[in-house]
Amino acid sequence: MCIIKRLLCVMCFVIAQPAMALTPIHLLNYQDSYGNLSLADSGNIRLPDPLIVNGNLNLENSRISMLPLRLTVKGNLNLAYSSIEHLPLALNVDGYINLAYSKIKELNFGLRVLGDLSVAHTQLKKLPDNLYVKGDLLLQYSQIQTLPNKLVVDGNIYIGNMPLKDLPIDIILGGSLYR
């Protein structure tokens with residue numbers, strides 16, 4: 001009986017354990033010579049704030065639940081299959097943002113994406129007004145029913161297998177719409 005109590009205490013401690021915090025020095029172990037930072041498949045860790053990544057930031061399939069409040073990525077941001085639910089307000093990404101299969105719940109008003117934006121296969125219900133995407137917007141298999149006001153996409157929009165009902169009259173699209 002005493003052994004069972006100890007096991008339960010250890011299990012409770014492991015479950016309730018807070019996210020481990022990484023310092024910028026720790027991150028050097030996960031960075032390559034091009035400035036790319038990969039924490040793919042990592043557990044729930046807390047990233048330093050502010051965080052500046054000189055290349056790509058890959059958090060694919062990670063259990064990280066929160067991004068730093070101030071995040072700058074000079075390459076691409078890959079959050080596919082991640083536990084991220086919200087993006088920081090002070091987010092600057094010079095490349096694409098991949099949120100496919102992530103747990104994202106909402107995007108920031110006036111979000112500017114300088115590459116492609118993928119929210120394919122997410123439970124996201126709407127996109128924010130004043131969204132700007134320099135590349136392609138990938139919405140396949142999402143729960144989005146209407147596109148936002150003042151949407152600007154310089155590339156294509158991919159809307160296959162989703163409940164999109166109509167397009168806003170003020171949409172600016174540089175490419176084509178694909179179903």
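Visitor: Which side chain does Arg70 meet in a salt bridge?

Guide: The side chain of Asp49, at 3.3 Å from N to O. A salt bridge here is a side-chain nitrogen of Lys or Arg within 4 Å of a carboxyl oxygen of Asp or Glu. Arg70 lies in strand β6 and Asp49 in the loop between β3 (45-46) and β4, so the pair ties together parts that are 21 residues apart in sequence. Strands (E, at least two residues) and helices (H or I, at least four) are DSSP runs, numbered from the N terminus.

Visitor: OK, and what sort of model is this?

Guide: It's a predicted model, where local features need pLDDT of at least 70, side-chain atom pairs count only at pLDDT 80 or more, and totals for chains, interfaces and linings use all residues. Residues are numbered from 1 along each chain as its sequence is written, and side-chain values use heavy atoms, leaving out hydrogens and water.

Visitor: How many salt bridges are there by that rule?

Guide: Two. In the other one, Lys105 pairs with Glu85, and their closest N and O atoms are 3.6 Å apart.

Visitor: Is Lys105 buried or exposed?

Guide: Exposed, with a relative accessible area of 51%. Glu85 is partly exposed at 28%. Buried means under 20% relative accessible area, exposed over 50%, and partly exposed in between (1.4 Å probe, protein chains only).

Visitor: New topic: what's the strand order in the open sheet?

Guide: The eight strands run β2-β5-β7-β9-β11-β13-β15-β17, with parallel pairing. Two strands pair if DSSP finds at least two bridges between them. β2 (37-38) and β17 stand at the edges with a single partner strand each, so one side of each has no neighbour in the sheet.

Visitor: Which residue of β13 does Leu117 stand opposite?

Guide: Leu137. Strands β11 (residues 117-118) and β13 (residues 137-138) pair in the parallel sense over two bridges.

Visitor: And which residues touch the most other members of the largest nonpolar core?

Guide: Leu107, Leu117, Leu127 and Leu139, out of 41 residues in that core. A nonpolar core is a set of buried Ala, Val, Leu, Ile, Met, Phe, Trp, Tyr and Cys residues joined through side-chain atoms within 4.5 Å.

Visitor: What does Leu127 touch?

Guide: Leaving out residues up to four places away in sequence, its contacts (heavy atoms within 4.5 Å) include Leu107, Val119 and Ile144.

Visitor: Last one: where is Leu177?

Guide: Leu177 sits in strand β17 (residues 177-178). At 33% relative accessibility, Leu177 counts as partly exposed.
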